[in-house]
Every structure is written in C-alpha cells, then in structure tokens.
Amino acid sequence: MLRWRVLTALVLIPGVLWLVWLAPPALLSVAFAGVAVLGAWEWALLMNLTSHGSRLAYTFTILIIVFGGWLWLGSGGSAMPVLVVGALWWLVAIAWLVAFVRNPAKRRPPLLGFALIGAVVLVAFWFAIVATHDKEAFGSYWVTMLLFLVWGSDTGGYFAGRTWGRRKLAPRLSPGKTWEGVIGSMILGVLLGGVYYACGRALGFAPAGTSLIALLGLALLTIGISIVGDLFESMLKRQRGIKDSGGLLPGHGGVLDRIDGLLAAAPILALGVRGIS
C-alpha cells in the first residue's frame with residue numbers, strides 16, 4: 001500500500017502545483033470543480049444512495065451549485081458568506097464527533113440533512129480554493145501553503161503513527177489514529193509550511209509583512225481542523241460500514257479519502273488569509 005501511496009502522490013502533486021501556479025485560473029476552477037463532483041459521487045455513497053441514478057442526481061446537483069458559484073464569483077460576488085458557513089459547519093462537526101464517541105449508536109441525520117452537509121462541505125471547499133487563488137494577493141502562494149500544511153500533516157501523522165503510535169486518539173472513530181500521529185502531523189505540517197514560507201521570502205514570491213505569530217497560529221489551526229476533517233470522514237465510513245469512500249486513487253482509496261483534511265482546512269485558511277493579509 002505504501003508504494004502505491006507514494007506513486008499516486010508523485011503523479012498528483014506536480015499536476016496540482018502546475019494548476020495552482022501556471023494554469024489559467026479558469027482551468028484551476030474547472031479542475032477543482034471536478035474534484036468536488038467526484039467527492040459528491042462518493043458522498044452519495046456515504047449517504048447510502050446505492051443506485052447509480054440517485055448518486056448521479058446528487059452529483060449533478062453539486063455540479064450545478066458549483067457552476068452557480070463560478071458565475072457568482074465571476075460577476076464580482078463575495079465568497080465570504082460561503083466561507084463563513086463552511087467554517088462554522090466544522091465547529092458543528094467537532095460536536096458531532098464528540099457525540100459519536102460518547103454514543104456510537106446515535107442515529108445519523110436524515111437523508112436531506114446529510115445531503116445539505118455534503119453540499120456545504122464540498123461547495124465551501126471549492127469556493128475557498130478558487131476565491132483564494134483568484135481574488136487574494138499572492139493567491140497561488142496561499143493555496144500552495146494550504147496544500148503543504150495538509151500534505152505535511154497527513155504524511156507526518158501517517159509515519160509518526162506507524163512508528164511510535166501507542167495511545168489511541170479516538171478508537172471508536174478511527175482505530176488506527178494515535179496521539180503520537182497527531183503530534184507528528186503538527187510537527188511536519190508546521191515544518192513544511194515554515195520551509196515554504198522561508199523559501200517564499202528568500203525568493204520573493206511570499207507576501208512581506210505577515211506576522212509570524214499570526215501565520216503560526218493559522219498554520220496550527222489549519223492542521224488541527226484538517227485532522228477533524230479526517231476523523232469526520234472516518235466516522236461517516238464507520239457508520240456506513242465501509243473502509244474507503246471509493247477506489248479511484250491506488251493506495252489512498254477514494255477522492256474523499258485523499259481530500260478529507262483539505263475539505264475542512266480550506267475554508268479555515270481562506271478566512272485566516274483575509275485576517276492576516
């Protein structure tokens with residue numbers, strides 16, 4: 001599995017960085033809309049929509065919403081309301097996780113509620129990436145910072161957990177996750193973000209005048225909420241009785257398995273950038 005994880009990452013990472021730095025903004029918008037649509041297809045499975053017709057209907061609905069968001073941003077509309085709703089949702093998700101740990105038998109929300117949650121999560125993710133990239137000064141820099149923080153967190157958590165993991169973080173949510181993995185996530189995520197920041201300042205592609213204390217706080221918050229996103233998807237899969245959200249990415253599972261941390265982290269960092277820039 002590790003070999004496939006590495007090979008998949010080696011293929012995807014250069015392509016994602018090319019999109020962020022070199023591709024036309026419209027192409028980045030379309031590419032991440034595709035990610036959101038693939039995520040919607042898998043979210044429909046988590047909702048227990050088993051027929052292809054019902055899953056397609058939900059996926060098409062998310063596509064239409066994202067297209068409406070693209071028109072809204074293109075006409076000068078603000079992403080702020082969507083980002084705020086997306087960020088607030090993840091506070092609710094923390095409460096949901098706590099409730100599940102206390103009572104795993106607790107019923108899931110009704111189908112409509114589950115569908116709305118997926119729409120909020122996926123659409124806010126798309127808005128956060130596209131609005132930060134297109135509307136913010138140094139947009140490519142900030143989107144890459146988001147990616148490096150989450151990628152570093154995922155990698156640090158995976159290897160620290162495998163090497164030193166002893167104390168379970170939340171066995172009812174995800175038996176494999178440990179407190180040592182969380183520490184590894186924080187350390188490698190901050191280190192990777194810090195190296196990227198230093199390179200950006202030295203080479204002139206990072207914003208000047210950003211408070212290091214504010215940036216460190218935003219990095220820690222972004223990494224922390226990305227772990228919440230990971231745990232949240234683990235909870236949904238556990239409730240649904242499946243191991244992976246899909247099988248599209250060798251070594252990773254489905255699209256949601258790969259972007260669960262990004263789904264949570266993106267609106268947080270997007271709001272944070274507006275606060276510290």
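User: Which residues make the nonpolar surface patch?
Analyst: Met80, Val84, Leu88, Leu91, Ile94 and Val98 make a nonpolar patch of about 470 Å². Patch residues have over 30% relative accessible area and no salt bridge; nonpolar side chains (Val, Leu, Ile, Met, Phe, Trp, Tyr) are joined within 5 Å, like charges within 9 Å. Areas come from the Shrake-Rupley method with a 1.4 Å probe, and for residues only the protein chains shown count as cover.

User: Where is Val98, and how exposed is it?
Analyst: Val98 sits in helix H4, residues 80-102. Its relative accessibility is 39%, so Val98 counts as partly exposed. Buried means under 20% relative accessible area, exposed means over 50%, and partly exposed is in between (1.4 Å probe, protein chains only). Helices (H or I, at least four residues) and strands (E, at least two) are DSSP runs, numbered from the N terminus.

User: What kind of model is this, and how are residues numbered?
Analyst: It is a predicted model: local features need pLDDT of at least 70, side-chain atom pairs count only at pLDDT 80 or more, and totals for chains, interfaces and linings use all residues. Residues are numbered from 1 along each chain as its sequence is written, and side-chain values use heavy atoms, with hydrogens and water left out.

User: On to holes. What volume does the second largest pocket have?
Analyst: About 810 Å³. Of its 33 lining residues, Ala9, Leu12, Ile13, Trp151 and Arg258 are the closest to the centre. On a 1 Å grid over the protein atoms alone, a pocket is an open set of points with protein on both sides within 12 Å along at least five of seven lines; a cavity is a set where a 1.4 Å probe fits but cannot get out; lining residues have an atom within 4 Å of a point. Points are joined across faces, edges and corners, and a volume is the space filled by probe spheres set on them.

User: Which helix gives the largest share of that pocket's lining?
Analyst: H1 does, with eleven residues. The lining divides into 26 nonpolar, four polar and three charged residues. Ala, Val, Leu, Ile, Met, Phe, Trp, Tyr, Cys and Pro count as nonpolar, Asp, Glu, Lys and Arg as charged, and the others, Gly among them, as polar.

User: How many cavities of 30 Å³ or more are there?
Analyst: Two. The largest cavity has a volume of about 60 Å³. Its lining includes Trp43, Trp90, Glu233 and Asp260. The second largest cavity holds about 30 Å³. Among the residues lining that one are Thr132, Trp142 and Leu269.

User: Which has charged residues in its lining?
Analyst: The largest cavity has two charged lining residues. The second largest cavity has none.

User: New topic. How many salt bridges are found?
Analyst: Six, over the whole structure. A salt bridge is a side-chain nitrogen of Lys or Arg within 4 Å of a carboxyl oxygen of Asp or Glu.

User: What does Arg167 pair with?
Analyst: Glu180, with the closest N and O atoms 3.2 Å apart. Arg167 lies in the loop between H6 and strand E1 (168-170) and Glu180 in helix H7, so the pair ties together parts that are 13 residues apart in sequence.

User: And which residues form a salt bridge network?
Analyst: Glu233, Lys237 and Asp257. For Glu233 and Lys237, the closest N and O atoms are 3.8 Å apart. For Asp257 and Lys237, that distance is 2.8 Å. This second pair links distant parts of the chain, with Asp257 in helix H9 and Lys237 in helix H8.

User: Is Lys237 buried or exposed?
Analyst: Buried, at 11% relative accessibility. Asp257 is buried too, at 13%.
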